[in-house]
Protein chains: 4
Amino acid sequence: MTTALKSNPNAPRPGTTAAHGGKVSQMKAMIYLGPGQIKLQDRPKPDITSPGDAIVRVTQTTICGTDLHILKGDVPTAAPGRILGHEGVGVVDSVGAGVTAFKPGDHVLISCVSACGTCEFCRKQMYSHCTTGGWILGNTIDGCQAEYVRTPHADMSLYHIPEGSNEEALVMLSDILPTGFECGVLNGKVQPGCSVAIVGSGPIGLAALLAAQFYSPASIIMIDLDDNRLAFARKFGATDTINSTDGKAAETLMKLTGGAGVDTAIEAVGVPATFELCEKLVAAGGTIANIGVHGKPVSLHLETLWDRNIAITTRLVDTVTIPRLLKTVAGKKIDPALLITHRFTLAEGEKAYETFGNAAKTMALKVIITT
Amino acid sequence: MTTALKSNPNAPRPGTTAAHGGKVSQMKAMIYLGPGQIKLQDRPKPDITSPGDAIVRVTQTTICGTDLHILKGDVPTAAPGRILGHEGVGVVDSVGAGVTAFKPGDHVLISCVSACGTCEFCRKQMYSHCTTGGWILGNTIDGCQAEYVRTPHADMSLYHIPEGSNEEALVMLSDILPTGFECGVLNGKVQPGCSVAIVGSGPIGLAALLAAQFYSPASIIMIDLDDNRLAFARKFGATDTINSTDGKAAETLMKLTGGAGVDTAIEAVGVPATFELCEKLVAAGGTIANIGVHGKPVSLHLETLWDRNIAITTRLVDTVTIPRLLKTVAGKKIDPALLITHRFTLAEGEKAYETFGNAAKTMALKVIITT
Amino acid sequence: MTTALKSNPNAPRPGTTAAHGGKVSQMKAMIYLGPGQIKLQDRPKPDITSPGDAIVRVTQTTICGTDLHILKGDVPTAAPGRILGHEGVGVVDSVGAGVTAFKPGDHVLISCVSACGTCEFCRKQMYSHCTTGGWILGNTIDGCQAEYVRTPHADMSLYHIPEGSNEEALVMLSDILPTGFECGVLNGKVQPGCSVAIVGSGPIGLAALLAAQFYSPASIIMIDLDDNRLAFARKFGATDTINSTDGKAAETLMKLTGGAGVDTAIEAVGVPATFELCEKLVAAGGTIANIGVHGKPVSLHLETLWDRNIAITTRLVDTVTIPRLLKTVAGKKIDPALLITHRFTLAEGEKAYETFGNAAKTMALKVIITT
Amino acid sequence: MTTALKSNPNAPRPGTTAAHGGKVSQMKAMIYLGPGQIKLQDRPKPDITSPGDAIVRVTQTTICGTDLHILKGDVPTAAPGRILGHEGVGVVDSVGAGVTAFKPGDHVLISCVSACGTCEFCRKQMYSHCTTGGWILGNTIDGCQAEYVRTPHADMSLYHIPEGSNEEALVMLSDILPTGFECGVLNGKVQPGCSVAIVGSGPIGLAALLAAQFYSPASIIMIDLDDNRLAFARKFGATDTINSTDGKAAETLMKLTGGAGVDTAIEAVGVPATFELCEKLVAAGGTIANIGVHGKPVSLHLETLWDRNIAITTRLVDTVTIPRLLKTVAGKKIDPALLITHRFTLAEGEKAYETFGNAAKTMALKVIITT
């Protein structure tokens, strides 16, 4: 095995008793077994298969809205039998011969996106479109909701966790905070003194709300159908909230903005109605930054927008901002732990899915699963 | 009259014999008389009505696709009785008391967009959305297809023509070249070595083609239904052309680009089919820059585009690049005269409209009307 | 008088009794009488001399470090006899025929920079280099430390004050906050998670400190010789302070930054030693943003910096960010009043200069003079 | 040896007869032997020492001004015994276990800068400051003026050469063209219609001149002491040239620019006089982009520049633009072969140094050494 050179002398070996107790040739993992079926099962501990791989002992992971999409059977690339999960923190167990930045024992944050660093897209900082990576964890290869995970392109896809960090909070930096920051705030060009509307006050909309405050916009208006979520929004820093149940969100927002609309409209739901609402909210010269995962076309009203000097952006998170986000967390400019509402062990993994899947009832934002 | 102080002692006065011959209290002008009706008629010479106004004796003007839209009755803001035209060059005849940058006798280029310079939008360089200006000439106020035109906000909306210029060529800087440059090339982020597709090889698409070459893209692929226009495109610098009559333009372009698509797709037609074609042409990480004037919504296929990291931009030309374009013309980096195919006198104005309106037959790009 | 049309019927007229009491053909003003001499004297109330002018009744003004430079005789453009001052708020008294955005009675903020809006530099948002404006108030023409001031190019150089504002606090938006924001923070490219050092913890350094926090940098290190000023810095949000009296500021900062230096070093003093300190503080890839007014050349150590991928910027404030700053104040993202330490009446103007000029003793930052 | 898996079955092995003839355990190389001494000597063929390495059989290389600096003894990091050279094209001979993008037999361009792709600097596209790379070839490790070279971080530091390329011309993309483009043109923000001055019409200044034309500036003024070099400049596209022997270059340029100065001043020499000349040439709002390698401090005249809104940039080339430059060469937007004036074999290496080192006499720009 190519990793022999660099494996941790104190780390568990296949077929041996692991340092942290128990036989580790087998491990527990949350397995997608087909539409509607997710189970905690035993699986072989993963091995390094490529020189750029690392094996990470996962300490904490979480569930993403995308995991629920897979569970509904909506993500054909994720086949039954797949270990789910693309977020988490852990400790490096072993590394391949080509890994230079990490060694066994290192505490690491796992990016939801794997990046080779050298392909045309990675060189443009578009890790999401890496020709041999992108979003593969818990999708086309086994993921993080397990005791161990194999992470390809480890040098580019893991991040050192500064000593003394709240590691649980950093799980939010695997996907949801970079998504809100990159797809919503950076693409949306949020600037000091500007006005922002975020349509959708679920976990991802709230992550965008937290990240937007890096730039001191004068107003952030959150729009949702659920008063509980809007209460979170106000707690997290929204200057105004609009419950759009009455179908008059656009009119209400226009009143709030003196008829101008907002400089930045962030779509954080993923259905035509919310995107088309953003088309009504955006000011001349403004930006609609799409975060939502869409399954259908939307109507783009170019007959009113062609002369409005707007921009519309789409983006699959690249996680290129993880290093910067780590610094903002260290500098206490953002508190990612605000997003964590529930905690489970891996043994309670199915219950965690149930809780997260019924967010309207449980008021769950993000759940932490400790492995 | 407030302009008395600054009026040209050699310039014609209302009711007097003009320096260039003839009674100028009356003038000839192309008048929109209702759907389908455009006539050369007599009109009173315009007067200064606001301190920021200038009266310009138009020497050369042209017809824009937008004038044809008005003529069809599609532009409700342009009422019957309106003098059409928003492009041209001329000589300043008189200026209002607030005008500081121009004096009678100055040779000037007229921007299609009037800008106060001080409103919220002008301060953001979005002259097109000036709260007391924007595209008003030949729309909500009388325009340039006449012997004289009143230009509001003259300090910001006229440009000095350098001595020795080919003034006819500079008529292309009133609207069509800034439109191609700003809405297509700048919004489309054309860069050295990149790939560009322009859908629509009419005058505006060809103007974008000329302006795109400022940035040395590696390839510019022009797409149109008309082989004559594609022949112009090749002459003007297109590296490839695709006749899209067979409905396979997207496939053909994908072959040309090795399956990647183009970094910049410029829409220069204004109908759903051409915009939706751009959605198929754009590479991951690329930009669709809309120039076309749209009358209907288009289908935005977010179900395939949400994770493609693209940007879509719309823009009504701001003409903020006119100063820079004047320098590129002076430096011979672009030849705007390439766009001029026909020439008429103002007396032949109706024939000019006929020729321009039947471009498929006449192969007209831009026509010059000398007044 | 050209302003007759628009003068406020309730406003005082030359030679008449003013609404706010007293004969206003004369007014009180702080006059520079030659090196070391500043006096409160009577002067004629100013008249409109150009169609773009406004006369503003000043309600509150302040003193700038630059006024002290003039007082030392270091600014040859400011001749003895000049009314000093280029900052303030007030009420429009009358406007010239070319002014469209303001009318008598409007509450306005006066920019320290006058901008025509139409010259080559104004079109590039470089108002400071306006060919007929720039910093002229209290320099080449009479300024704001008076009961009335004539403001040229009023449409571009005054700003409407939102109703209900703390107008005293907005005096900080005439010069010091835009200077800290534009010359320091924007030129310095401060970004979320980055590290910033500000050399000089006087009023302008502290203004930069306040503005830097718009962008949530992870650390802001203030450096000064005076512990009192560093105490202000900590109160205003500095994460670290260094007293550079021991000559070891660079070593201390390198320890704080793990040997990397800072992403942004802001020079806010204006002498060679502080600029050259910035050269030692800046990280590879970082920026030195100069705010200080320099009287001598500095040594630029290109023998160590040529390969460090740094940028150095200089800038005379353009005040283009005043509209945005007004929004951040309205949105409570910054509290400009923090900078105000002392208050005087115009009658106490000489004492105000004394207090501001002895800041080391008086611990003055900005003084407000109510007229 | 870890590379066994991927070595080319047709490639020469250590101690065996090479496919292209001759015993390859030994090779010829240009060795720096101490100040003033450069010799062609035998050396062992390099071996892979790290999983990210590749061994490249060099086919063509060149000499850089920096090699002459080493030869003078001015570069302490380059110890006697070093094989010089950091530019070239060749064919991959073998690759380490961690290399994924290249295989034996691939035709490659060698970047002068080695980049790991994963360190803090590489993630910011600052490959020049890679913590385990940067400019090391022919400096701290053996370089390219040899039959074979070991290239660390091969995945990020080699580039595939498109089939059918003029490989000799691509040697110009190892260093000189990216340097002119990145340090001069991109840092200098050259834009359509702008004005550019380049001080120094040697190889690097001429490379900047070629790259500047990507952006269609209205004027490019070259300044040098040598009329021969200025003749090259005119041939390569300069719009004006100034021989600065008379000490009046600044005055002459001011006349050419109507007293404004240039938007971009590029320093391409590396001595105080030329940098200080740039300080006089730059327009308000402009940029001085330093390319030169400096050995001494320069006087930065902040007493005149503090309020001129300028930027000064420094940069060691990152070669991040090589992919884009390859596309511009393929699209015939630039002809790098223009820079090649002389050709030698490796056996003539010492003569090549002599020719390049006496450029004033030989009129050499870049020399090609075929190995």
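**An open sheet, a buried histidine and a chain interface**

In chain D of this predicted model, three strands make up an open sheet with the order 2-1-4 and antiparallel pairing. Strands here are DSSP runs of E with at least two residues, helices are runs of H or I with at least four residues, and both are numbered from the N terminus; two strands pair if DSSP finds at least two bridges between them. Strand 2 (37–44) and strand 4 (82–83) of chain D are at the edges with a single partner strand each, so one side of each has no neighbour in the sheet. Strand 1 (residues 26–34) of chain D is joined to strand 4 of chain D by two bridges, and these strands run antiparallel. Opposite Arg82(D) in strand 4 of chain D stands Tyr32(D). Helix 12 (residues 349–357) of chain D lies across strand 1 and strand 2 of chain D, at about 150 degrees to strand 2 of chain D. For such angles, axes are lines fitted to C-alpha atoms, for helices over the stretch in contact (heavy atoms within 4.5 Å), and the angle runs from 0 to 180 degrees between N-to-C directions.

Residues are numbered from 1 along each chain as its sequence is written, and chains are lettered from A in the order in which they are written. Local features need pLDDT of at least 70, side-chain atom pairs count only at pLDDT 80 or more, totals for chains, interfaces and linings use all residues, and side-chain values use heavy atoms, without hydrogens and water.

Turning to chain C, His294(C) is found in the loop between strand 13 (282–290) and strand 14 (298–300) of chain C. His294(C) counts as buried because its relative accessibility is 4%, where buried means under 20% relative accessible area, exposed over 50% and partly exposed in between (1.4 Å probe, protein chains only). The side chains of His294(C) and Asn290(C) are joined by a polar contact of 2.8 Å. A polar contact is a pair of N or O atoms within 3.5 Å; within protein, one must be able to donate a hydrogen and the other to accept it, and residues adjacent in sequence count only if both atoms are side-chain atoms. A polar atom of the His294(C) side chain also lies 3.4 Å from the backbone oxygen of Gly270(C).

As for chains A and B, 35 residues of chain B are in contact with 35 residues of chain A.
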